[in-house]
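Thanks for taking a look at this one with me. Below are some numbered notes to read alongside the sequence and the model.

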Amino acid sequence: MSSTVTENPTTGPSAEESAHPIHPSHTPSGTIRLGVFYQGVNSTTVWKAPESGDQVAWESFERLITTAERGLFSAFFLGEGLRLREHRGVPLEFDVAGRPDAQTLLAALASITENIGLVATQNTTYNDPVDLARRFQSLDLLSDGRAAWNIVTTDNAWTGENFRRGGYIDHSERYVHAEAFVDVAKKIWRGEDVDHAGNHYHVRAGGKLPRSRQGEPVLFQAGISPEGRDFAARTADVIFSPFGDLERAIDFRHDIVERTLAAGRSADEVRIYPGAEFALAPTEAEAQDKLHWLRENQVGPEQAIALLEQYWGRDLSEFDPDGPLPDVKPEVSESGVTRGAGFQFKKAEELTREWREEAAEKGLSILEFARSRQGSRGSTFAGSYDGVADRLAEYARYGAVDGLNITPWLVPGGLDDIVDELVPRLQERGVYPTEYTGSTLRENLGLPPLD
Ligand SMILES: Cc1cc2nc3c(=O)[nH]c(=O)nc-3n(C[C@H](O)[C@H](O)[C@H](O)COP(=O)(O)O)c2cc1C
């Protein structure tokens, strides 16, 4: 779901008018923070732009993280993919370039930065808790208290084959497993002797490293099933969500506050950072032109067909990208033509029918429909610098989110206009920090210190 921002902030939905009011127990902080999600392998970045760099070159990481730190960003965030995805039996082009191991890379980036948080996505299904806990604690010590773990449960059996384990944990069991994993990790961090004999682990180990300046790594979580939300409500400090549109963000906040209270924690204990993409320009008209250019360059005819093939689970190459959506049924299977995309095919028939109806109603071709889907993992803020700053000030006022996790569509220069043009306007509006609160990630996210 993508939303474009208008010049006039009063035209957006207001929390008062929304069907989903801000939860009465939630106290908005009145501020908004920013993080950057460096995806590496992805279909969001316009790699063919002349100013585009290399997705695995040190210079690309260096420039992005130093720009983010200049803009007082809370965190630099890396995703994880444990097996090369395949599309119709051949490795997906984006993945072939690969991505460096997150913790190795973040340890190197720690040495050229001072305040920005360093977040590594690591899954609980295929890692080992004792080893992973020790690696995170090492990063936390090396960075002097700036490490965070984005906990994911990576839910496809196909990735599991890469670990000779197949789909050995049912989806419903993944968070039970994750909780045992995090329990063990926390004991290691706290220097406790672990003697854990549960359904998921038999571990006898002890912590050996001192605690870092922030005590232990901050816990992020990304996964939006009811089990994932409850897990976050019990365990996480921050949620990386795909709900950036104001109304959906308010709704998600409401849901998370309810679950957090039910878990016996206070209403505002879990911070929420949805994914976001920005298309900024001096004027609204220029920004809309930029967004149009962006979508054309992110999604061409081949990508549009490939996107639909993921959901239909079959070869759709005979269909015209400028024609209507395929009027054929999806081939329902557990893993589709793009393996490792994380898509559950259970609802393929329903979803593809809805898409066909939506495209027909709006008069969209395959290509136009695929472009309209781009940016669906977060929210798109397209508008003038002042218009977007006004809009974000509105988010801060309602407390819909605590921050936004930006996916730049250009690497490595994709944060330049955000830091040079948007951040000062947010500061003028009093909704963005003017300096780092402290030197640890916990402090810079506004989280309370650990006991
Ligand atoms: C915004 C967002 C980003 C994510 N990034 C990754 C990632 O980089 N690597 C990964 O393995 N899982 C990632 N995931 C998480 C998996 O999709 C998640 O573990 C899986 O969907 C199972 O959780 P769920 O059923 O609760 O959604 C991400 C999820 C969200 C919402």
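1. A word on burial comes first: a residue counts as buried when its relative accessible area is under 20%, as exposed when that value is over 50%, and as partly exposed in between. T121 has 6% relative accessibility, so T121 counts as buried. You will find T121 in strand 5, which covers residues 117-123. Please keep in mind that this is a predicted model.

2. T121 also turns up in a record. UniProt, in an unreviewed entry, places the feature "binding site" at T121, H171, Y175 and S225. The annotation may be inferred rather than shown by experiment.

3. Now to the ligand in the model. Which of the 17 residues around the ligand come nearest? They are E80, T154, H171, Y175 and S225. By class, the shell holds eight polar, six nonpolar and three charged residues.

4. In Y175, a side-chain N or O atom is 2.6 Å from an oxygen atom of the ligand. For S225, the distance from a side-chain N or O atom to a ligand oxygen atom is 2.6 Å. With T154, a polar side-chain atom and an oxygen atom of the ligand lie 2.8 Å apart. Taken alone, the ligand would expose 630 Å², and the protein buries 86% of that area.

5. T153 sits in the loop between strand 6 (147-152) and helix 5 (157-161). Is T153 buried or exposed? T153 is buried, because its relative accessible area is 7% and the limit is 20%. Between T153 and T27 there are 126 residues of sequence separation, and their C-alpha atoms are 30 Å apart in space.

6. Stepping back, how is the chain divided into domains? The assignment gives domain 1, made of 9-278 + 380-444, and domain 2, made of 300-373. The C-alpha centres of domain 1 and domain 2 are 29 Å apart.

7. L308 belongs to helix 10 (residues 301-312), and with 0% relative accessibility L308 counts as buried. L308 and T352 are 44 residues apart along the chain, with 8.7 Å between their C-alpha atoms. E358 belongs to helix 11 (residues 348-362). At 29% relative accessibility, E358 counts as partly exposed, because that value lies between the 20% and 50% limits. From E358 to R213 the C-alpha distance is 52 Å, at a sequence separation of 145 residues.

8. L72 has a positive phi, near 60°, and is a residue other than glycine. L72 is placed in the loop between helix 1 (58-70) and strand 2 (75-78), and at 16% relative accessibility L72 counts as buried. R88 is not a glycine either, and its phi is positive at about 50°. The loop that holds R88 runs between strand 3 (86-87) and strand 4 (90-91). R88 is partly exposed, with a relative accessible area of 40%.

9. What is the form of the peptide bond from V411 to P412? That bond is cis, with omega near 10°. P412 lies in the loop between strand 14 (403-406) and helix 14 (416-428).

10. V401 lies in the loop between helix 13 (385-398) and strand 14. V401 is buried, with a relative accessible area of 2%. V401 and D417 are 16 residues apart in sequence, and the C-alpha to C-alpha distance is 22 Å.

11. To finish, look at N444 in helix 15 (residues 441-444). Why does N444 count as buried? Its relative accessible area is 2%, and buried means under 20%, so N444 falls in that class. A polar atom of the N444 side chain lies 2.9 Å from the backbone nitrogen of T437.

Methods: Residues numbered from 1 in each chain as written. Predicted model: local features only at pLDDT ≥ 70, side-chain atom pairs only at ≥ 80, totals over all residues. Heavy atoms only, no water. Near = heavy atom within 4 Å. Polar contact = N/O pair within 3.5 Å; in protein donor to acceptor, adjacent residues only side chain to side chain. Areas by Shrake-Rupley, 256 points an atom, 1.4 Å probe, with all protein chains shown as cover. Nonpolar A, V, L, I, M, F, W, Y, C, P; charged D, E, K, R; others polar. Domains from an automatic or database assignment. Helix = DSSP H or I, 4+ residues; strand = E, 2+ residues; numbered from the N terminus. Buried < 20%, exposed > 50% of the residue type's maximum accessible area, 1.4 Å probe, protein only.
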